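Me: I'm new to this structure and would like to get to know it step by step. Could you walk me through it with some questions and answers?

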Amino acid sequence: MEPTNIEDPNFFHQVVDCQWACPAHTNVPEYIRLIGQGRYADAYMENRKSNVFPGILGRTCDRPCEPACRRGRVDGNPVAICRLKRVAADLKGDISSMLPTAPLSKNGKKVACIGAGPASLTVANDLLPLGYDVTIFESSASPGGLMRTNIPSFRLPAEVLDQEIAAIVDMGANMEYSTQIKSLEDLRSKGFDAIFIGSGAPKGKDLALKGRDEGRDRIHIGIEWLQSVAFGHIESVGERVLVIGVGNTAMDCCRTARRIGGKDVKVMARRPREFFKASPWELEDAEEEGIEITVNHAPKEIVLDDGKVIGMRFDVLSWNSDATKSEVVGSVVIDCDDVILAIGQENAFEWIERDMGMDFDNWGMPVVDEKTMATTLDGVFMGGDAPWGPKNIIWAVAHGHEAAISIDNYCNGVALEDRPATAMDLVSQKMGLTEWSYHNDYNPNLRQKMTHVELTKRFAELSLEVELGFSVEQTVLEVERCLNCDVEPVFKASSCIECDACIDICPVQCLTMTSGDGVIEELRLRLSAPSPNLDQQVYLSTKLAQTGRVMVKDENICVHCGLCAERCPTAAWDMEKFTLNLGYAGQVNQRVTR
Amino acid sequence: MPSIRKPLIPLAPLPVNELGLTLRDYEGGMSTLCAGCGHDSITAAITRAFFELSLPPEKIAKLSGIGCSSKTPTYFVSGAHGFNSVHGRMPPIVTGANAANRSSIYIGISGDGDSLSIGAGHFVHAVRRNVNMVYVIENNGVYGLTKGQFSATADVGSSAKKGAANETPPIDPVILALSLGATFVARSFSGDKGQLIPIIKAAVEHKGFALIDVISPCIQFNNHEGSTKSYHYVREHEIKEIDQVYIPPSGEITAVLPEDGIVKVKMFDGSTLAFRTLPPHYDPRDREGAMHYVNQARLRREIPTGLLFIDEDAPDVHELNSTTDTPLVDLPYESLCPGSGALARFMEGFK
């Protein structure tokens with residue numbers, strides 16, 4: 001078998017599970033170490049480099065990093081990455097001098113962004129420092145997009161939102177609030193060098209049910225209703241509320257309802273719990289507030305009495321084991337005063353003229369390149385929820401970075417495919433014979449539990465933030481749970497004398513010396529410990545001098561304790577910190593350094 | 001000495017044995033030996049062999065003398081009984097312990113100095129008595145704890161780290177044990193667990209004295225050019241002509257063995273050892289043949305490894321002394337010490 005090419009940044013990147021899973025590839029272990037050292041501002045800036053909104057995401061991110069976190073495979077619970085991010089944001093202090101700034105002399109290129117949500121703001125964040133003149137068109141009176149209208153303030157305080165958006169806008173973006181773009185063709189004729197569409201998926205799905213029209217006063221579309229609450233247009237709701245759907249928007253709806261008059265709030269789900277779309281922690285938070293989640297109920301009709309909504313009829317379903325087939329086993333009416341439909345969002349592109357040359361697919365969605373964010377229309381780019389439907393903030397940020405690269409390329413006459421290279425640094429962390437620059441001991445701390453404001457208080461005030469954030473004591477315990485997956489055992493086969501010391505000391509038996517012949521699937525069967533996780537790679541050395549075997553490391557559950565390197569008599573193993581250097585707009589190409 | 005203890009990882013996907021224990025349950029304290037020491041590999045091999053045999057830790061007694069090797073019982077099976085004796089005095093301690101409690105599993109860890117210099121007198125008698133134990137010599141050819149002087153197993157012509165060559169002829173523990181009537185004699189190499197682990201398992205199951213001479217490079221003082229006990233030298237000069245497969249009593253035969261040229265030895269506990277040997281007519285039950293073979297190989301500067309000799313029918317120390325089947329520790333006090341009346345009657349028999 002071929003030895004592993006560790007010069008390829010993707011190899012070690014994949015070992016850093018959290019960073020690999022994050023759409024924006026935030027350097028999680030690095031900022032967690034910085035938090036551990038009390039360097040909150042530096043931790044914040046490390047975050048901001050890739051995810052732009054650490055304070056917002058530290059409260060609202062969908063956290064793809066956490067299910068991926070190696071700690072979950074080690075003790076069952078991932079590191080509380082997301083809430084540690086919030087710690088950095090909360091305690092960062094004054095960072096104004098560290099924020100990027102725009103140059104006084106502009107480069108003469110004008111870029112328009114449609115929608116002031118996370119995708120457009122990221123584009124502006126990346127392009128303003130390069131001298132671009134960026135104009136953001138926003139239909140509402142304030143920036144933030146769905147971050148402001150859809151995420152209730154008891155989860156994301158307005159000050160946090162305002163502060164992080166200001167860091168971008170204050171670089172000199174031209175903000176055109178309360179300006180709905182009604183025609184792309186019109187906008188295109190206004191002399192912009194490039195246009196970015198970050199208009200989101202702003203249309204809530206409706207449900208065609210008997211009684212839907214008659215009951216329209218008490219039947220609400222989830223995201224529109226949340227928006228009305230956010231802007232103060234709606235201040236109350238009936239005592240008995242049914243929320244239809246069980247995604248994260250449904251959770252925001254039911255918890256909001258609980259705060260503005262809802263006493264008996266039920267979330268109605270068609271499928272069993274293990275098939276819910278909402279994140280487990282959002283379900284838990286809702287249930288903590290007394291929300292009842294009812295499974296296997298499919299909406300059938302709105303029950304009216306003299307034109308007034310009094311309840312809703314559901315089919316009771318029985319599902320097969322993988323919830324692909326169901327049969328109706330009963331029918332019930334559940335009383336209610338209001339119904340909130342939170343069953344999904346759609347995109348709306350009625351303002352894009354279909355004869356301009358932008359291709360749309362059979363489902364009416366624009367054709368957008370997943371790497372470059374380019375539409376088929378020259379100079380028009382798209383990202384966030386707009387091109388592929390609702391995802392989450394961190395994806396919008398990732399799209400924004402890519403779109404900014406494309407726009408920069410486009411404006412400079414560089415091919416869109418010619419993107420700044422992803423590079424890496426790999427630097428030894430050795431400080432002494434058995435001393436490292438990182439804390440290598442495995443810490444058996446359990447995941448810290450977030451403290452919440454007590455129920456009576458939070459129902460009294462709509463905007464009171466529920467999560468209190470980690471205390472310093474909790475932070476200290478939680479950072480130590482991080483396994484420093486970016487500090488890699490790196491092997492130099494030519495130094496190895498095959499003494500077995502590393503293999504004997506490894507606490508998880510992830511090392512093996514064996515023949516390098518055969519195929520990887522068969523080699524996995526020959527390893528010291530079972531190798532059940534095929535998503536994780538196997539690191540193969542070149543042939544060893546004395547026996548011709550190879551050193552094999554199963555990356556699945558290495559805890560990066562460095563004992564292999566400490567017990568190696570010839571320093572064939574070394575602990576080296578891997579830093580992924582992502583390419584951003586305007587970056588000069590970087591190289592791999594070791 | 002590592003900066004941290006080897007951590008226990010809750011969900012590490014480690015297999016369990018018949019007792020429901022993992023390999024980690026057979027470990028001991030952190031080694032304070034030099035990084036890369038062969039002794040640590042032997043410790044790891046013992047750990048794995050005991051784990052795979054599903055030995056109850058509380059049935060194991062681990063004993064040693066003095067030296068680098070004799071530190072190592074601390075590093076495996078922390079749940080076992082242990083005794084760290086005076087230099088070279090491990091064999092009589094085991095003999096005594098074994099006399100008192102024949103139901104335990106005894107493993108003595110010694111070095112070339114502990115067994116063949118200061119303790120040579122004790123070593124030879126434990127062999128003669130066929131004390132039922134596993135006797136591991138962690139053989140590195142130097143006195144590591146006193147900075148690398150030649151030991152009694154240093155080959156003629158091998159050089160010390162600073163260059164001086166050894167001129168005193170060595171003691172070969174394998175030849176010595178064979179000549180003393182040892183009933184289980186093996187040689188192995190710390191860098192080859194594939195061979196060492198099955199030998200340790202067979203030694204545990206053997207009834208009687210089981211010697212395993214394990215060449216174990218001293219990374220600090222005897223792993224240089226000119227050494228005949230370095231990782232490199234041993235790998236260059238080792239000949240693995242004698243291969244054995246250990247088949248546990250209840251176990252299925254998973255290894256595929258060609259029938260011709262196979263010698264099978266039935267072990268005391270019902271397990272089987274199957275030998276496949278390359279030297280023509282080599283019979284692991286032929287003491288004279290084994291001695292001749294090892295001597296000849298030595299002249300060719302070859303190091304034959306494997307289980308070189310086994311005699312499963314010889315009486316062990318308890319049979320030789322007609323002791324009771326019940327371990328003495330389990331006998332009631334009245335039987336152990338029947339009183340002055342019984343003594344008087346016994347003495348009467350000599351009149």
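Reply: Happy to! One term first: helices, of at least four residues, and strands, of at least two, are DSSP runs numbered from the N terminus. Please also keep in mind that this is a predicted model.

Me: Thanks! In which helix of chain A does A:Gln19 lie?
Reply: Helices carry numbers counted from the N terminus. The one holding A:Gln19 covers residues 17–21 of chain A, and that is helix H2.

Me: Is A:Gln19 buried or exposed?
Reply: A residue counts as buried if 20 or more other C-beta atoms lie within 10 Å of its own. A:Gln19 has 25 of them within that distance, so A:Gln19 is buried.

Me: Which residues does A:Gln19 touch, not counting residues up to four places away in sequence?
Reply: Contact here requires C-beta atoms within 7 Å. With the residues up to four places away left out, the partners of A:Gln19 are A:His13, A:His25, A:Thr26, A:Asn27, A:Val28 and A:Leu580.

Me: How many Å separate the C-alpha atoms of A:Gln19 and A:Ala68?
Reply: Along the chain, A:Gln19 and A:Ala68 are 49 residues apart. In the model, the separation of their C-alpha atoms is 9.0 Å.

Me: Let's step back to chain A as a whole. What is its radius of gyration, and what would a compact globule have?
Reply: The C-alpha trace of chain A spans about 90 × 60 × 45 Å along its principal axes, and its secondary structure comes to 22 helices and 23 strands. For 594 residues, a compact globule would have a radius of gyration near 25 Å, which agrees with the value for chain A, 26 Å.

Me: What share of the contacts in chain A with a separation of 6 or more comes from residues 24 or more positions apart?
Reply: For background, 48% of the 594 residues of chain A count as buried. Among contacts with a separation of 6 or more, the share from residues 24 or more positions apart is 72%.

Me: How many residues of domain 1 of chain A are in contact with domain 2 of chain A?
Reply: Domain 1 of chain A covers 100–202 + 347–411, and domain 2 covers 206–344. Their centres, taken over C-alpha atoms, are separated by 32 Å. Domain 2 brings 9 residues to the contact, while the number from domain 1 is 6.

Me: Now the two chains together. How do the residues of the side of chain A that touches chain B divide into nonpolar, polar and charged?
Reply: Between the chains, 32 residues of chain A are in contact with 26 residues of chain B. Helices H7 (70–75), H20 (501–505) and H22 (563–567) of chain A each supply at least two residues of that side of chain A. The residues there divide into 17 nonpolar, 6 polar and 9 charged.

Me: Where in chain B is the pLDDT below 50?
Reply: The mean pLDDT of chain B is 92, and 96% of its residues reach 70 or more. Where pLDDT is low, the predicted coordinates should not be read in detail. In chain B, the stretch with pLDDT below 50 is residues 253–257.

Me: Which residues does B:Leu196 touch, not counting residues up to four places away in sequence?
Reply: B:Leu196 lies in helix H7 (residues 193–205) of chain B. B:Leu196 counts as buried because it has 25 C-beta neighbours inside 10 Å. Away from its sequence neighbours up to four places off, B:Leu196 touches B:Ala45, B:Ser188 and B:Val214.

Me: And which strand of chain B is the place of B:Ile212?
Reply: B:Ile212 has 27 other C-beta atoms within 10 Å, so it is buried. Its contacts beyond four places in sequence include B:Val134, B:Ser188 and B:Ile199. The strand that holds B:Ile212 runs over residues 209–215, and that is strand E8.

Terms used. Residues are numbered from 1 along each chain as its sequence is written. Chains are lettered from A and ligands numbered from 1 in the order in which they are written. This is a predicted model: local features need pLDDT of at least 70, side-chain atom pairs count only at pLDDT 80 or more; totals for chains, interfaces and linings use all residues. Two residues are in contact if their C-beta atoms, placed from the backbone, lie within 7 Å. Ala, Val, Leu, Ile, Met, Phe, Trp, Tyr, Cys and Pro count as nonpolar, Asp, Glu, Lys and Arg as charged, and the others, Gly among them, as polar. pLDDT is the predictor's confidence in each residue, from 0 to 100. The radius of gyration is taken over C-alpha atoms; the globule rule is 2.2 Å times the number of residues to the power 0.38. A residue is buried if 20 or more other C-beta atoms lie within 10 Å of its own, exposed if 12 or fewer, and partly exposed in between; C-beta atoms are placed from the backbone. Domain bounds come from an automatic or database domain assignment.
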